[in-house]
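I opened my notebook to look up a few things in a structure, one entry at a time. Come along and check each one with me.

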Amino acid sequence: MKLLTSLAVMAALSLPAMAEPITFKEARKALPRATAKASVTFDAAILPESDQARVGGEAAVEKLLRTLGASTPAYGAVAISPSEGLFVEWLNGAGNFHSIADARAAALAYCNGQRKGGSAKCALLVEVTPKGTSEEDTFSLSGPANKALRGPYRKLKSPKAFAISAKTGNFGFDRGDGGRALEACAAAGDGARDCKIVVAD
């Protein structure tokens, strides 16, 4: 999972099927600014009553969840088992994915892999997206990938390509027909096997 932000210390691109990659100009137009602030949403109702009492009421719960969101990079999500709650040693947030759908999937997969066998299946507690974005957007990138696209990728001479992994949040780019971009993506972070070219010039 790409860039798991530990919530114990604080206080895890779905693109529509595209026949061809898009150009840098098209990508830049579709993306928010690389410095866009994050928007945090949460569902406090899934917290067990014991957690809400422990935190200290509705206002305190909201403050805590906004803090959790602030420590999770967009696109990001936090999932919990409603029967285990927040106060487990393994709690983590999945951040720096290329879409909220991929962040949700990563957070749920991680949580369900960690919860106890008899506990309730995990549900999404917190979601973090760049402000100004929507699930209907046809193209999205993580913050670091957005910055890399607008910075070093833009400065490369053509031909060049930019590749991403939806499952891990990895990305890579290089000159050439895309082979080196795919290699860079696969080698980044924890490694990825689902890298694909999304931008080419």
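**Entry 1: a word I need first.** I call a residue buried when its relative accessible area is under 20%, exposed when it is over 50%, and partly exposed in between. I also note that this is a predicted model.

**Entry 2: two phenylalanines.** With that word in hand, I looked up F162 and F171, and both are buried.

**Entry 3: helix 6.** I checked the span of helix 6, which covers residues 143-155. At 1.5 Å a residue, its 13 residues should span 18 Å, and I found the end C-alpha atoms 18 Å apart, which agrees. I then looked for a bend and found a kink of about 40° at L149, shortly before the proline P152. At the start of the helix, a side-chain oxygen of S142 comes to within 3.2 Å of the backbone nitrogen of A145.

Which residues of helix 6 are buried? I listed A145, N146, A148, L149, G151 and Y153. My next look was at what they pack against, and I noted helix 2 (24-30), strand 6 (160-164), strand 7 (171-175) and strand 8 (196-200).

**Entry 4: aromatic rings.** To describe a pair of aromatic rings, I write down the distance of the centres and the angle of the planes. I searched the whole structure and found six aromatic pairs. One of them joins Y153 and F173: the ring centres are 6.3 Å apart and the planes stand at 90°, so I wrote "edge-to-face". Y153 belongs to helix 6 and F173 to strand 7, so this pair ties together parts that are 20 residues apart in sequence.

Is Y153 buried or exposed? Its relative accessible area is 0%, so I put it down as buried. F173 has 23% relative accessibility, so it counts as partly exposed.

Now back to F162 and F171. Their ring centres are 5.7 Å apart with the planes at 5°, so I recorded this pair as stacked. Putting the rings together, I saw that ring pairs link F24, Y153, F162, F171 and F173 into a cluster.

**Entry 5: charges over rings.** I also looked for charged side chains over rings. The charged end of K160 sits over the ring of Y153, at 4.6 Å from its centre. Elsewhere, R54 lies over the face of F87, 3.9 Å from the ring centre.

**Entry 6: F24.** I wanted to know more about this member of the cluster. F24 is placed in helix 2, and with a relative accessible area of 8% it is buried. What does F24 contact, leaving aside its neighbours within four places in sequence? I found L149, R150, Y153, R154, V199 and D201. Two of these, L149 and Y153, are also on my list of buried residues of helix 6. I checked one distance too: F24 and A200 are 176 residues apart along the chain, yet their C-alpha atoms are separated by 7.0 Å.

**Entry 7: G113, for contrast.** G113 lies in helix 5 (residues 100-114). Its relative accessible area is 59%, so I marked it as exposed. G113 and E136 are 23 residues apart along the chain, and I found their C-alpha atoms separated by 29 Å.

Entry 8: Where does H98 lie? I found it in the loop between strand 4 (92-94) and helix 5. With a relative accessible area of 0%, H98 is buried. Its side chain reaches the backbone oxygen of N170 at 3.0 Å.

N96 lies in the loop between strand 4 and helix 5 as well. Its relative accessible area is 10%, so I wrote it down as buried.

**Entry 9: cis peptide bonds.** I finished with the backbone. The peptide bond from A74 to Y75 is cis, with omega near -15°. Y75 is placed in the loop between helix 4 (58-70) and strand 3 (76-80). I noted another cis bond from S158 to P159, with omega near 0°. P159 has its place in the loop between helix 6 and strand 6.

Notes. Residues numbered from 1 in each chain as written. Predicted model: local features only at pLDDT ≥ 70, side-chain atom pairs only at ≥ 80, totals over all residues. Heavy atoms only, no water. Helix = DSSP H or I, 4+ residues; strand = E, 2+ residues; numbered from the N terminus. Buried < 20%, exposed > 50% of the residue type's maximum accessible area, 1.4 Å probe, protein only. Expected span 1.5 Å × (residues − 1). Bend = angle between axes of the 7 residues up to and from the residue. Contact = heavy atoms within 4.5 Å. Polar contact = N/O pair within 3.5 Å; in protein donor to acceptor, adjacent residues only side chain to side chain. Phe/Tyr/Trp six-rings, centres within 6.5 Å; stacked < 30°, edge-to-face > 60°. Lys NZ or Arg CZ within 6 Å of the ring centre and 35° of its normal.
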